[in-house]
Amino acid sequence: CSWKPALLLLSPPAFSTTCARCAKDRRLRRKRAISERQLTRYFVDQRKVRVVGGQGGGGGHSFYSEPRKVFGGPDGGNGGDGGHVILKADQQMKSLSSVFPFYQGFHGERGGSKNCYGANGAHMYVKVPVGTLVKEDGRVVADLTQHGEEYIAAYGGAGGKGNRFFLSNENRAPKFFTPGEPGQERVLQLELKTTAHAGLVGFPNAGKSSLLRAISRAKPAVAAYPFTTLNPHVGIVHYQDYEQVAVADIPGLIKGAHQNRGLGMAFLKHIERCRFLLYVVDLSVPQPWIQLQDLKYELEAYEKGLSERPCAVIGNKIDLAQSRINLPLLREQVAERVIALSALTGDNLEELLLHLRELYDTYVKTEQSGGQSPVKW
């Protein structure tokens, strides 16, 4: 047939191998970076959840009957139990944004004839990030700090009894049965406390976000105005022996943060889970040691003993002339180790990474000596 080749010539090719413009369109497009303003939609550290357990299935109501055995007696089986609603800590989850405001367990099935029990309702598993705190009426009921840890938020109702259950010598043909019980209903408050090894603590514009971008692949927003970071960011520092140290960028604190000023309590709680702290101080300001004193005062006022955790002082912006003048003055006023660096140019980042590994190794040895497992990323 002469028309088949003609149709093949008229149909366009699937793709072009010669056109540079078409070849450029076939490239995989990079994922667009999320700005800090857009990130507020995705990062949620508080969520109010209403959970209801599944209802139990009703008991069966039937009588056994077959030829030559008309009065076989009751044979209604019990109903299945309702499913639980279970909160499960998952290391892959980093925010409560995927948690819905309502969950209900699956209902149990009704009991059948021939003494067949109804099937139990399946459990409803809700994945939450590691470090989620579960509260009910302001009281802490669960603290999910380990991967795979579970908490039954709402129990399912028990299944009803079939008429077979009520068989007795006094009542040989019971006609009554019980319905399934309703599941437990609760209203819980979920709070996420970032679980990281190290926490960057400092005043606004001290350079915490720039430092986190320099030592990890995290991309927090960086700008020249205060309160650029509105949400905590966690960056992972990789070492050659495949150890990973998580560093959290806590949004900037101000004086009176323990009284809920500025970002206040909303982000002071994220520092509680950090095993050691890295105080980031701006060396270019007059008397930078005053910043360190104010930071420790805010942490101690929020939780007693929080400022006494293992720490290091990072003097940022060493590339400025005024910072080189203030550095020896800071070391005279501060008893802790001071690491001078520049997050912008990358000067002396190696010293910070080595000291960060020393703090991490000390933490691991302390946890293992106490019979506990250290947090791994």
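How far apart are Asp361 and Arg357 in helix α8, in residues and in helical turns? I looked this up to start the notebook: they sit 4 residues apart, which means a separation of about one helical turn.

**Ground rules**

I am working with a predicted model, where local features need pLDDT of at least 70 and side-chain atom pairs count only at pLDDT 80 or more, while totals for chains, interfaces and linings use all residues. Residues are numbered from 1 along each chain as its sequence is written, and side-chain values use heavy atoms, leaving out hydrogens and water.

**Overview**

I noted 8 helices and 14 strands in the protein; these are DSSP runs numbered from the N terminus, helices being H or I of at least four residues and strands E of at least two. Of the 377 residues, 45% count as buried. For the record, buried is under 20% relative accessible area, exposed is over 50%, and partly exposed lies in between, with a 1.4 Å probe and protein chains only.

I then looked at contacts (heavy atoms within 4.5 Å). Among those with a separation of 6 or more, 72% come from residues 24 or more positions apart.

I went back to helix α8 (residues 349-369), where Arg357 lies. I use salt bridge for a side-chain nitrogen of Lys or Arg within 4 Å of a carboxyl oxygen of Asp or Glu. Asp361 and Arg357 meet in one at 2.9 Å, N to O. Arg357 also pairs with Asp241, with the closest N and O atoms 2.5 Å apart. Asp241 is in the loop between β10 (233-238) and β11 (244-249), so its bridge to Arg357 ties together parts 116 residues apart in sequence.

Which of the partners are buried and which are partly exposed? Arg357 is buried at 16% relative accessible area, whereas Asp241 is partly exposed at 42%. Asp361 is partly exposed too, at 29%. Shared partners join Asp241, Arg357 and Asp361 into one network.

**Arg186**

Arg186 pairs with Glu136, the closest N and O atoms being 2.6 Å apart. Arg186 is in strand β8 and Glu136 in strand β5 (residues 132-136), so this pair links parts 50 residues apart in sequence. Both ends are under cover: Arg186 is buried at 10% relative accessible area, and Glu136 counts as buried at 18%.

I also checked what else Arg186 touches. Its side chain reaches the backbone oxygen of Ala153 at 2.9 Å. Beyond its neighbours within four places in sequence, its contacts include Val49, Arg50, Val51, Tyr151 and Ile152.

Where does helix α7 (residues 321-333) bend? I found a bend of about 30 degrees at Leu327, with a proline, Pro328, following within four residues. The bend is the angle between axes fitted to the seven residues ending there and the seven starting there. Leu327 is also one of the buried residues of α7, along with Ser323, Asn326 and Leu330. Their cover includes α6 (289-302), β13 (311-316) and β14 (338-340).

For α6, I compared lengths. Its 14 residues should span 20 Å at 1.5 Å a residue, and its end C-alpha atoms are 20 Å apart, which agrees. The expected span is 1.5 Å times one less than the number of residues. Its buried residues include Trp289, Asp294 and Glu298.

Conventions:
Polar contact = N/O pair within 3.5 Å; in protein donor to acceptor, adjacent residues only side chain to side chain.
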